[in-house]
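Here's a quick briefing to read alongside the structure. Have a look at it first, then we'll go through the main points.

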Amino acid sequence: MNGSNVATPTSKPAPVLSVQELRTVFHTPRGVLPAVDGVDFDLYPGEVLGLVGESGSGKSVTLRSLVRLIRAPGVVTGSVRWQDREIMHMSEDDLREVRGAEISMIFQEPISALNPVLTVGEQIKETLREHTNLNARELDDHAVQLLDLVGIPSARQRLQSFPHQFSGGMRQRVMIAIALASNPKLLLADEPTTALDVTIQDQILKLILRLKEQLGMSVILVTHDLGVVAQTCDRVAVMYAGRIVEMAPVVDLFQQPRHAYTLGLLNSVPGSGANRQPLLPIPGSPPDLTALPPGCPFAPRCSYATDACRTDRPSLVAIGAHRLSACIHHDQLALPREVKS
Amino acid sequence: MAATAAPAITTTRLRSRYRPNRTLLAGLCVLAILLVLAFFPSVIAPYSPTDFDYKAILQPPSWQHFFGTDNFGRDVFSRVIWATRIDMQIALFTTLFPFFFGSIVGAAAGFYGKWLDSLLNIISNIVVVFPFLVLVIAIVAFLGPGLTNMYIAVSVVGWVAYARLVRGEMLVQKQAEYALAARVMGFAPARIIGRHLLPNVIAPSIVYWMTAMSLGILLGASLGYLGLGAQPPTAEWGLMVADGKNFMVTAPWIATFPALALTIAGITFSLIGDGLADLLRPRR
Amino acid sequence: MSAYADPINPPVDLLTIEDLRKSFPVNRSPIDWMRRRPARAVRALNGISLQVRKGETLGVVGESGCGKSTLARCIVRLYAADTGKVTFAGLDVLGLTGSNLRAYHRRVQMVFQDPFNSLNPRMSVGATLREAILVHKLRPKHAVDARVAELLDLVGLPRDAAGRLPHEFSGGQRQRVAIARCLALEPECLVADELVSALDVSVQAQIINLLLQLQEQLHLTVIFVAHDLRLVRHISHRVAVMYLGSVVELADTEDIFQQPQHPYTQALIAAAPTLDPTRKSVVEAVHGELPSPLDLPTGCPFHPRCPFTMDRCRTEKPQLKLRADNHFTACHLIDD
């Protein structure tokens, strides 16, 4: 017992996922590509963590690296602790147990993630067969339950349908049903709504949130859409050039970003009430990962950059309650230009 | 320019703009040698290809006859050299008309569609059903043996493959946004097809052309072997192999060296085709 | 209020669209014929009527199958509309042919969505621009190169870009080249079909700023087709909302976003995720799937998903009517 220490009433529960020094490097003919360059974060039970960034930020590769979905010429190093087990050291069999049973993943394009020659029912039951031992009738019932859960009408008949017979939004629901078949504790979602229309995107995101509550899951959501982040995430990690540059609770991030890149992103997205004003874009383009300059990868495009930024790569440090930033000028940043809505 | 800084362009190294292509270079080098031999055979070849020398029949390779002599006392080395001209011609003339005619028809069918495309489909379905060699032999048998008739026969049948290739590519590129943009720019169809679409659809056809050249030489060899191609006493590699088949045990050099020449020529065109395929692939 | 010029007052109609219709027939297989299934068609445009005013930016929004891309392509004559009328500065656009059509293309241009496909990969940037200038005989031969340099300046690209091929540029830069290509023809009206959707967020803002600036400088009229509501709200003077081939609402931008009248517009605005994390909703904006344009609902196209459907909605298609100042809505609910 800790004697003199008073137990803090708001001590955080232990993280379900702990990532440290995750690095994913691709060896390409053009050079070595550090797609993920030292990522650390923790995920707590029941929260939605957003990984947001533009192309080349490494957000999708990070997600796939978590469950070792990266193939040669990619090499993944680092530590991913899932509920006290080290994923990087697991055998193939153990890994397969974890994937699909405890950690599930949904992707951006359901039409390519679903097998076009198997019925939807078959694909759900396939997952169930792998991770449970229900008999045939129980498998069917469970599959129907899952399709109901994700809001597909006439579930029992639809078990016999093929993926191409569903609309885009429905296919995404099917993919979610397959992902949830074995009651996972962690859902990895890689741009699940990017390819969907706005009203359907709204339905799918709210479905994911509802299911998260119902089934007690945690979610890591990868997206480039700041609106999606604002509406679904509890905490946000902003990624740039393969690194996390800022991490904060979502409200704090939007009201007062603590990294020049986050500020730049928020300023370049149109808000309301300032119609036809020039936006404040970030000059330049996302960097070439095979030829990163020394120092902060964002420095070439940053209006706050100083010499210190260009020489030493800043590390992600705690700068306040639950906030991390890799910007040495984090306390000098302006507020986002407009009140967003 | 208000809020935008001048964006930096991705640096272009000269190397990446004109990709050095070893395959293509190798093929072109050997082709250059073959062309020199084709245009100036008498410079290299010590003997005439048709001179008999009854005192030197079936001689194995020696310093006087590098590749030996055949059953008429003709110097095999000289014959191989002189045959280069004939076989290069075969390569060219069996593919020239099919390439141009086939590509144009394919481009038109792909672009305009409708009856032209249907017609092309019918013709190509018919042609494809028959084995190529059988069709060619049939036509040559009808017209009579000889190189010219062989060129005609191959041309009549061979253009279809190019047409299919180009048509397929055209169907895809026709819908590409740069082609749509050209239409919205108000460009005439001739300009759109010629300046925009053709360069982007012709690549597979050109690569196929190279392969077809090596196949054409082999075809000439096959027909020569059957007596339907070049006629004796013309020096032609296929014919030489055919003549030499009777002496494979006693004087193998008569057939072997022309066969080697055929192989080298075939590989050359293959290398050029591969190299071109790499070069012509559009960069994204 | 706006940093840039407003359209001229009193408004002058530059482009008028009346009852435009376009269907794409679906091929009938012999089996369909044997089973006597009726010939089906994708009914992309079902009676569009709009006016675009000189100098304004008209935003056109909608989801998949609404027909906004088809509309854009009919306006620039990429597609031939089935019936209806399009009038541009007094000319009957749909009937133009030959050199009159080419003259129309000079005045109305289109920028496409995909920066990686809309430029000929084998033509250098300079060659692309030169071609546009020369084909339309806009400059004498000796002045063409100077004009190319001018255009590159206009879109914020360095002059040595002219000698380079498209693959050497990033997505945002290629869109600049595409815009320069359009501007080479000195058009009066620019149709932008998802101009920035394929670009990264930080680059989108650059291109949008460029568009706003060019519009001001060159007095362009812009038809901005997009699915991103925030973007459309930011740059448009007026917005038209489309659903399954019909315009359901048309009004000034702030009117539509602050007081949407049509249930679909309301749903669309509610569904678009806001950037304010303190305002989250758990209720879905609208239930149901987007119907396919192959099987249009009868009556009002939105009635299967509308929370306020009445009997009349199932049978009679509502017309776009003027409800308030400059605000047009097609809904039976408001008739009563």
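Helices (H or I, at least four residues) and strands (E, at least two) are DSSP runs, numbered from the N terminus. On that basis chain C has twelve helices and twelve strands. This is a predicted model, where local features need pLDDT of at least 70, side-chain atom pairs count only at pLDDT 80 or more, and totals for chains, interfaces and linings use all residues. Residues are numbered from 1 along each chain as its sequence is written, while chains are lettered from A and ligands numbered from 1 in the order in which they are written.

**Chain C overall**
- With a radius of gyration (over C-alpha atoms) of 21 Å, close to the 20 Å from the globule rule (2.2 Å times the number of residues to the power 0.38) for 336 residues, chain C is as compact as a globular protein of that length.
- The C-alpha trace of chain C spans about 70 × 60 × 40 Å along its principal axes.
- Buried residues (20 or more other C-beta atoms, placed from the backbone, within 10 Å of their own) make up 51% of the 336 residues in chain C.

**Where chain C touches chain A**
- Chain C and chain A put in 40 residues each, with contact meaning C-beta atoms, placed from the backbone, within 7 Å.
- Helix 7 (201–218), helix 8 (229–235) and helix 10 (263–271) of chain C each give two or more residues to the side that touches chain A.
- Helix 7 of chain C gives the most to that side, with eight residues.

Conventions: Two residues are in contact if their C-beta atoms, placed from the backbone, lie within 7 Å. A residue is buried if 20 or more other C-beta atoms lie within 10 Å of its own, exposed if 12 or fewer, and partly exposed in between; C-beta atoms are placed from the backbone.
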